[in-house]
Amino acid sequence: MSLLSPALAEPAKPKPDYAVKTKAIDGTVLLDAAIKADAKLAENCLAEGKKYIAAQRAEAEPEYKSDPELFRNGPWTYERSYTQDSLVANRYVSVLRMDYSYTGGAHPNTEIDTILWDKQQAKRISIRPFFTELADGGPAMQAMVKGVLASLKAEKKARGTEDDGDDYVKSIEPKLLKIGPVTLARSTEAGKSSGLVFHYAPYAVGAYAEGSYDAYVPWQSLKPYLSAEGNAIFGGDRPKGDDDRNK
């Protein structure tokens, strides 16, 4: 008989959508319910997740054979999860992709990336169609960086970590591939996005102990650079409470 009451018992972990377990690796891929509801998106994410686990296995198996002591505490753990972060205009799905790994070091590692999925075209896209230009170092990218840094500064102040130096600023460049993984923010206006959210894993913009950060850039600050498609999907404000997901 369990000594824990149902209220205190840990919630059951969701069943993986794909799993591999050997003496060297314990790998899983998880898709949330919203993603599984879209067959083509689910297929795309699962295929990518399987490739990721296969790559980690290909690296871990030789290590196990050459130095089993590295695995004395059990197989290396890799978990990739896909979660729908927002749905805009019933077309654009923002997906958070989280990679968790533990290979026996001082602490686990977490990586964050994002996917923007166009349901209409059934493929991955970038945010480029929503802007008139996104040239490296161009005005739109400069405006995004300005917004990101302002958001991070405010969040660091709120957490009491603003005195950890400004080295993180150097890692955020006015380039689409260097500014950080991005999603379309949810909005108080139905079918719209209130702006962009940039996601930073532990270590990306601060010490590991600070955890992850989200930087929100409202669409109004990017309005001069919006294309016709951008003007069609952006509007409203960020719902109250969404910034709490940053904590």
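Modeller: Contact here means heavy atoms within 4.5 Å of each other. This is a predicted model, so all that follows describes a prediction.

Colleague: Happy to start there! Which residues is G137 in contact with, leaving aside its neighbours within four places in sequence?

Modeller: G137 sits in the loop between β6 (123–125) and α3. Leaving aside neighbours within four places in sequence, the residues in contact with G137 are Q142 and P174.

Colleague: Is G137 buried, partly exposed or exposed?

Modeller: Buried means under 20% relative accessible area and exposed means over 50%. The relative accessible area of G137 is 37%, which falls between those cut-offs. Therefore G137 is partly exposed.

Colleague: How many Å apart in space are G137 and V20, C-alpha to C-alpha?

Modeller: Along the sequence, G137 and V20 are 117 residues apart. In space, their C-alpha to C-alpha distance is 43 Å.

Colleague: Let's step back to the whole fold. What pattern does the protein follow, read along the sequence?

Modeller: The protein has five helices and nine strands. The C-alpha trace spans about 55 × 45 × 45 Å along its principal axes. Read along the sequence, the pattern is β-β-α-α-β-β-β-β-α-α-β-β-β-α.

Colleague: What percentage of contacts between residues at least 6 apart in sequence join residues at least 24 apart?

Modeller: Buried residues make up 41% of the 247 residues. Among contacts between residues at least 6 apart in sequence, the share joining residues at least 24 apart is 59%.

Colleague: And the surface: what percentage of it belongs to carbon and sulfur atoms?

Modeller: The accessible surface of the protein comes to about 13,700 Å². Of this surface, the part that belongs to carbon and sulfur atoms is 53%.

Colleague: How many Å apart are the mean positions of the positive and negative charges?

Modeller: The protein has 33 positive and 35 negative charges.

Colleague: Is T28 buried or exposed?

Modeller: T28 belongs to strand β2 (residues 25–31). Not counting residues up to four places away in sequence, T28 touches P16, Y18, A19, I53, Y78, E79 and R80. Its relative accessibility is 13%, under the 20% cut-off, so T28 counts as buried.

Colleague: Which residue has its backbone oxygen 2.7 Å from a polar atom of the side chain of S187?

Modeller: S187 lies in the loop between β7 and β8, and at 15% relative accessibility it counts as buried. The side chain of S187 also reaches the backbone nitrogen of E189 at 3.0 Å. The backbone oxygen 2.7 Å from a polar atom of that side chain belongs to G235.

Colleague: What value is phi of A89 near?

Modeller: Most residues other than glycine have a negative phi, and most peptide bonds are trans. A89 is in the loop between β3 (76–88) and β4 (92–102), and at 38% relative accessibility it counts as partly exposed. Phi of A89 is positive, near 60°.

Colleague: And what value is phi of Y203 near?

Modeller: Y203 is placed in the loop between β8 and β9. With a relative accessible area of 52%, Y203 is exposed. Phi of Y203 is also a positive value in a residue other than glycine, near 85°.

Colleague: One last distance! What separates the C-alpha atoms of Q121 and Y92?

Modeller: Q121 lies in the loop between β5 (109–118) and β6, where it counts as partly exposed at 42% relative accessibility. Q121 and Y92 are 29 residues apart along the chain. Their C-alpha atoms are separated by 9.9 Å.

Conventions: Residues are numbered from 1 along each chain as its sequence is written. This is a predicted model: local features need pLDDT of at least 70, side-chain atom pairs count only at pLDDT 80 or more; totals for chains, interfaces and linings use all residues. Side-chain values use heavy atoms; hydrogens and water are left out. Helices (H or I, at least four residues) and strands (E, at least two) are DSSP runs, numbered from the N terminus. Buried means under 20% relative accessible area, exposed over 50%, partly exposed in between (1.4 Å probe, protein chains only). Accessible areas come from the Shrake-Rupley method with a 1.4 Å probe; for residues, only the protein chains shown count as cover. Lys and Arg count as positive and Asp and Glu as negative; His and the chain ends are not counted. The place of a charge is taken as NZ of Lys, CZ of Arg, CG of Asp or CD of Glu. A polar contact is a pair of N or O atoms within 3.5 Å; within protein, one must be able to donate a hydrogen and the other to accept it, and residues adjacent in sequence count only if both atoms are side-chain atoms.
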